[in-house]
Amino acid sequence: KMSVLLALITSSVAFRASAPRCSRPRVARPPACFEAIAKTSQPHGPPSETDSAALATASPAPALQPREVVATMLHALHRSNRGTGGYEAALRFISPTHQYRADFERSGKYSASFARYLRQPHKASLLGWDEYRWDGDTTLIQGEAYQQTSVRASADATWTSVRWLLTSKEVEGSGASQWMVEAVFVDEPDDAELAAVEPLAPLEEPERRQIFAQLDTDESGAISPESFVGVVASLGFPREQAEALAAATDTDGDGAITFGEFSALLSKVNQQASAAGSFARLVTDGVRATADAAQSPHDVVTKVLRALRDEPPYPLYGAEVAIRYCSPTNPAAQLTPATFATYLDEPHYAILTQWDEVEE
């Protein structure tokens, strides 16, 4: 029987094999205004005339990095560009799987429903900002990019958190891929609020020792950094990120990762903004998914629906259970419970939390 860790690696490799491959395309560089903005860390003001004019020809391209895509989206959604091609530019960068992209593909114009979507109260800050800033570096995991930003309506206003999820989509017939926006999450809970939420329980010590033993192939009582990097990279992490994680896990710097150091890494399962947290969650979810594998599809569906509908034992319990049962290839599997819960606020998902009867 395949071990939990090998199952994780096999699943990840299968996903990566079908994912678009990034390559260095022979295309023009993005407009200089967006490229320059993506490289600076200080707050940025509202779109200039040059920025707004660049939206007319702005389109996804393999040369565009995630930050350049986000900068373009922020400018496109700014209130000053409504009615002047801004919304059309934004829709060109939205993933083909998004609900409003199909309407745009048919007509070449944004729909009334898309305009209503943007007028929802929790989306107001995306249209009314006058300053935005980058919050942290871009995180790349398994063909996805996560970028945190903050926006505010004036220099003395409170910052609002905006988190962007981008996915790498293949350019048909080219063999290259380009970044497109899969989802935007506005005003997520900050670290203090998340700390007050019941965390995802880390693995018990026997489970951690089982995983450690699978990596300690020579039974020396330690894992070599090289072996650890290979495992982390096989799960879809960029090699540079895997090497940095190995160095951070080897806290005493002796060139070997002991069980204590590995156990400390797995305890970071709720630190979703870090590579350590993402790795710990992948392993934790993999172990629990294996334990849940004996359940029938009916049992899984019933358990998720009940968790989303019933009175929760603690905040975000339903979202936590739903994430646990997501397919590894589903982008939702990488979200925090707080982020996943924002999906449930959308009108078309409300039935998942408000149903009274289920017909089989």
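Analyst: A polar contact is a pair of N or O atoms within 3.5 Å; within protein, one must be able to donate a hydrogen and the other to accept it, and residues adjacent in sequence count only if both atoms are side-chain atoms. This is a predicted model, where local features need pLDDT of at least 70 and side-chain atom pairs count only at pLDDT 80 or more, while totals for chains, interfaces and linings use all residues. Residues are numbered from 1 along each chain as its sequence is written, and side-chain values use heavy atoms, leaving out hydrogens and water.

User: Which backbone oxygen does the side chain of Thr 72 reach?

Analyst: Let's find Thr 72 first: it sits in helix α4, residues 66–77. Helices (H or I, at least four residues) and strands (E, at least two) are DSSP runs, numbered from the N terminus. At 2.8 Å, the side chain of Thr 72 reaches the backbone oxygen of Glu 68.

User: Is Thr 72 buried or exposed?

Analyst: Buried means under 20% relative accessible area, exposed over 50%, and partly exposed in between (1.4 Å probe, protein chains only). Thr 72 has a relative accessible area of 3%, so this residue is buried.

User: And Thr 217, is that residue buried or exposed?

Analyst: Look for Thr 217 in the loop between α10 and β6 (222–223). Its C-alpha atom is 9.3 Å from that of Ser 227, ten residues apart along the chain. With a relative accessible area of 67%, Thr 217 is exposed.

User: How many residues of helix α16 are buried?

Analyst: Helix α16 covers residues 317–324. Its buried residues include Gly 318, Val 321 and Arg 324.

User: At roughly what angle do the axes of α10 and α13 cross?

Analyst: Axes are lines fitted to C-alpha atoms, for helices over the stretch in contact, with angles from 0 to 180 degrees between N-to-C directions. Under 35 degrees counts as roughly parallel, over 145 as roughly antiparallel, 65 to 115 as roughly perpendicular and the rest as oblique. The two helices are therefore oblique to each other. The axes of α10 (residues 205–215) and α13 (residues 259–266) come within 10 Å and cross at roughly 120°.

User: Which residues of α13 does α10 meet?

Analyst: Contact means heavy atoms within 4.5 Å. On the α10 side, the residues include Arg 208, Ile 211 and Phe 212. Their partners in α13 are Phe 259, Phe 262, Ser 263 and Leu 266.

User: What percentage of the protein's residues count as buried?

Analyst: The protein has 18 helices and seven strands. Of its 360 residues, the buried share is 48%.
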